[in-house]
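Trainee: I have a structure open and would like to talk it through. Can we go piece by piece?

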Amino acid sequence: MSSATPPTGTGALAKREARLAWTLLAPTIISVSLVVILPLLAIIWISFKPFTLSDLRPPAPIVRESLRGSGDDLRIEYRLRNSSQEFAIDGVTLSDVLPDGVIAGEVAAPCILDGQDLFCDFGALEGGQRERIRIPVEFDGDPDAFEELVEASEPRVTGSGPSVLTNFEFSLENFARVFDGDEFWGVLGVTLFYTVFGTIGALVMGLFAALLLNKSFKGQGFIRGLYLFPYVAPVIAVAFTWVTLFDPFSGSANALLVQMGLSSEPINFFGERPLALIMVTVFEIWRYFPLSFLFILARMQSIDSSMYEAADMDGASPFQKFWLLSIPQLLGILSVLFLLRFIWTFNKFDDIFLLTGGNAGTRTLTVNVYEQAFAVSNIGAGAAVAVVILMCLIAFSFVFFRFISREEGL
Amino acid sequence: MRKGYITGPVLGALWMVVIATTIAVTMSFATGAAFRPQVLLSLIWGAVAGLVYVRFPARHAPARLGVAALLGLSCLTGFGPVLIGSETTLLALLVTVISVAVVMHVSLAAILKELPFAELTRHEYEDAVIRFCTGFGYIFFTAIVIIPFYVMVMTSLKSQQALLQNPLDFSVDLSQGMALFRSYTELFRDFNFGSYLLTSFYVSVLTVFITLLFSVPGAYAVARFRFQGQKAFSRSILLIYMVPMIVLALPIYIAFSLTGLRNSILGIVMIYPVTTIPVALYMLQGYFRGLPTEVEEAGLMDGLSRLAVIWKITLPLSLPALASVSLYVFMIAWNEFLLAFMLLDDPSKFTLTRGVTMLNSSEIPRQHLMAGAVIATVPIMALFLGLERFMTKGLTAGSVKG
């Protein structure tokens, strides 16, 4: 007698469901891996390579054609050179069609003339190597027209050099450069200051604003909308407005300070050393307090009011209610917000870049990526900084997942 | 501390400083003339006022009105809470005096409401402090939000000389008519801003469409189907939030340079949606989970296929969520700066944010830059104010990448 057992494994229906699920997810997965995963791998790859902005164009042969000499001694000259000083190019060939009516003289190796078709095979071209081909020619008629005719036909060259990107040579040079000197630790210090104070400041301001609006009155919706402005406006608009507002010459903030007698002369807010860093942090707080405010307010409004009524019956004072009831209730959302904002502030690039360009002691790690890659035009070093950022983020996400999954079940 | 005759003067003194500073700053920004809050005098005046307001509890007691009027008039003597410069117009003078008196009377009466002269209970004391903090909070937050936007709009309407002469003077001369908007006309005429506006608009709309096209099926699958790796997947969506854009922008710049996609709108339209798909997917799957499955199951029983169920049942039910997500994605795409800045060099293909960056140079006057900023801000603000409910919901639901 066979006993009935529940089916094990996945049934046909479940399999079909899974297949459909993956089909629906496929576009997202493919596109995200193309634009997120692939670049992440690429940046790790690049960080181990000496790669500069000029290497974006791989070494290639460059040819120039000209007509030389005069009278009977006319010759067409091709000058060929390797664009790179370091790397050899393989399979370099040159082909051109001589114009009709041109009678070419003797053609030296490595070139062959077949009718009017010229073909030269140079093989490999060393780094910085130059080649010159001279072909004596005869031509009847106007020499000026001839020159134009000769130079009108563009010679074609082939040949490809090794791209720095695709070879298998690695070096730790970029990392050595990044960690070398005091600069890196300065940058790290600036990043931590900006991140820690920016995050805490935005949270505290957000909490304060949420407390203000956590009661219903006429115009509450309007004020809530107004307080979201800094976050909703394009970063570019608000950053430039701040720069204008705090300009030492034509800025209203300075004019106001001078007029109120708080300062005898205009202050260069975004140009002086400790002040610039404080200002970008203040900007960060100003721009992102609306976000914390929105979340904290949403959480506050979902707290059960009967708890406060019970506290009222027991004679708790407003401050006691805030510290003993509201804060414990808000602790969850506050810690989630802290972790999220901490990571995003750590990642922030636009704001500082637009406000100071990373000058006056405001260069954070992210700005340093740009600075190394484009200002110093050393993409490899920029990539190395990016890898350092990724390392930090991996560490953060461990913390993040340990806390978050417990706290809010995100 | 918890005595009416101490709490009243202390709060009054502090509040007077707040009000004096607010009125001085407001008047300075409105007229450009010299107004200065006098902190020490404000403290003294405020303490006196606080004492009077606590001593005479009737709402409009004559003593209260008298001290408020005295506060206002004292500004004329140079020994008041606000020091007024000599070149101020009569109108501005009057406005200052009246507003000091009226604002102080109304707000102080509200803050010190029902505060007895003698011993205070804990509740009375804390309520008064909270009312003080609330008043301060409203003024503070409103000021920090409004001032930058006010400066942005007003600067764009001024001329370079006027700006350098007195950076505080934001009064606009309405008699010049349309010439007031010359920065805007110049931007649209000489700097091609019309085309940037159009580019930004259609790039953003395309981004919204592509994002929805990708994320709706994905979100549905994550929310409704059981399959292996579902948990891991919904977690790794969040991880993508954590990758900084600049780290991705560098390899994307290299790849686009090598393939010739740099400097093309096509490249931008390919990249933008991918940065928003994870956010949209996360927001939508949360919403889909909240929808009742019974309706969909009924559809399945009646012979609809899964895709038909999504199209005919789930999507119509989730229109509000789709609106929120669309608005939010539109906002991200419209405000995006970094990728546009790195990938676009050709002025004929700029998006609006890239165009405004171009104006940030020493050769171009400041009011042009501010006019550009206004042009970039107004559409998104209009959208935001019009559809604030959806937007706020979208911002909260997505826990938002910032």
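Mentor: Start with a term: two strands pair if DSSP finds at least two bridges between them. In β7(A), for instance, Glu138(A) is the bridge partner of Ile103(A). Keep in mind that this is a predicted model.

Trainee: Okay. How many bridges pair β4(A) with β7(A), and in what sense?

Mentor: Two bridges, in the antiparallel sense.

Trainee: What sheet are these strands part of?

Mentor: An open sheet of four strands in chain A, with the order β1-β2-β7-β4 and antiparallel pairing. Its edge strands are β1 (61–68) and β4 (103–104) of chain A, each of which pairs on one side only.

Trainee: What about β1(A) and β2(A)?

Mentor: Those two strands also run antiparallel, and eight bridges join them. Ile62(A), for one, has Arg81(A) in β2(A) as its bridge partner.

Trainee: Which residues of β2(A) are on the covered face, and which on the uncovered one?

Mentor: The covered face has Leu74(A), Ile76(A), Tyr78(A), Leu80(A) and Asn82(A). On the uncovered face are Arg75(A), Glu77(A), Arg79(A) and Arg81(A).

Trainee: Changing topic. How many residues does each chain put into the contact between A and B?

Mentor: Chain B puts in 83 residues and chain A 75 residues. On the side of chain B that touches chain A, helix α5 (residues 122–156) of chain B gives the most, with 16 residues. That side of chain B divides into 57 nonpolar, 18 polar and eight charged residues.

Trainee: Can you show me a helix pair that crosses between the chains?

Mentor: Take helix α1 (residues 12–47) of chain A and helix α10 (residues 245–259) of chain B, which pack at an angle of about 80° with their axes 9 Å apart. That angle makes α1(A) roughly perpendicular to α10(B), because angles of 65 to 115 degrees count as roughly perpendicular.

Trainee: Which residues make that contact?

Mentor: From α1(A), Val36(A), Pro39(A), Ala42(A) and Ile43(A); from α10(B), Val247(B), Leu248(B), Leu250(B), Pro251(B) and Ile252(B). They divide into nine nonpolar, no polar and no charged.

Trainee: Now a pair inside chain B. How do α16(B) and α17(B) pack?

Mentor: Helix α16 (residues 352–359) and helix α17 (residues 366–386) of chain B have axes 9 Å apart, at an angle of about 170°. That makes α16(B) roughly antiparallel to α17(B). The residues of this contact divide into seven nonpolar, four polar and no charged.

Trainee: Last topic. How many residues are in the largest nonpolar core?

Mentor: It has 165 residues, and those with the most contacts inside it are Ala249(B), Leu250(B) and Leu284(B). Helix α9 (residues 273–301) of chain A supplies the largest share of this core, 14 residues. A second, separate core has 34 residues, among them Leu11(B), Leu41(B), Ala49(B) and Ile84(B).

Trainee: What is Leu284(B) in contact with, leaving aside neighbours within four places in sequence?

Mentor: Ser215(B), Val216(B), Ala219(B), Ala321(B) and Val325(B).

Conventions:
Residues numbered from 1 in each chain as written. Chains lettered and ligands numbered in written order. Predicted model: local features only at pLDDT ≥ 70, side-chain atom pairs only at ≥ 80, totals over all residues. Core = buried A, V, L, I, M, F, W, Y, C linked by C-beta atoms within 7 Å. Buried ≥ 20, exposed ≤ 12 C-beta atoms within 10 Å, placed from the backbone. Contact = placed C-beta atoms within 7 Å. Axes fitted to C-alpha atoms, helices over the stretch in contact; angles between N-to-C directions. Parallel < 35°, antiparallel > 145°, perpendicular 65-115°, else oblique. Nonpolar A, V, L, I, M, F, W, Y, C, P; charged D, E, K, R; others polar.
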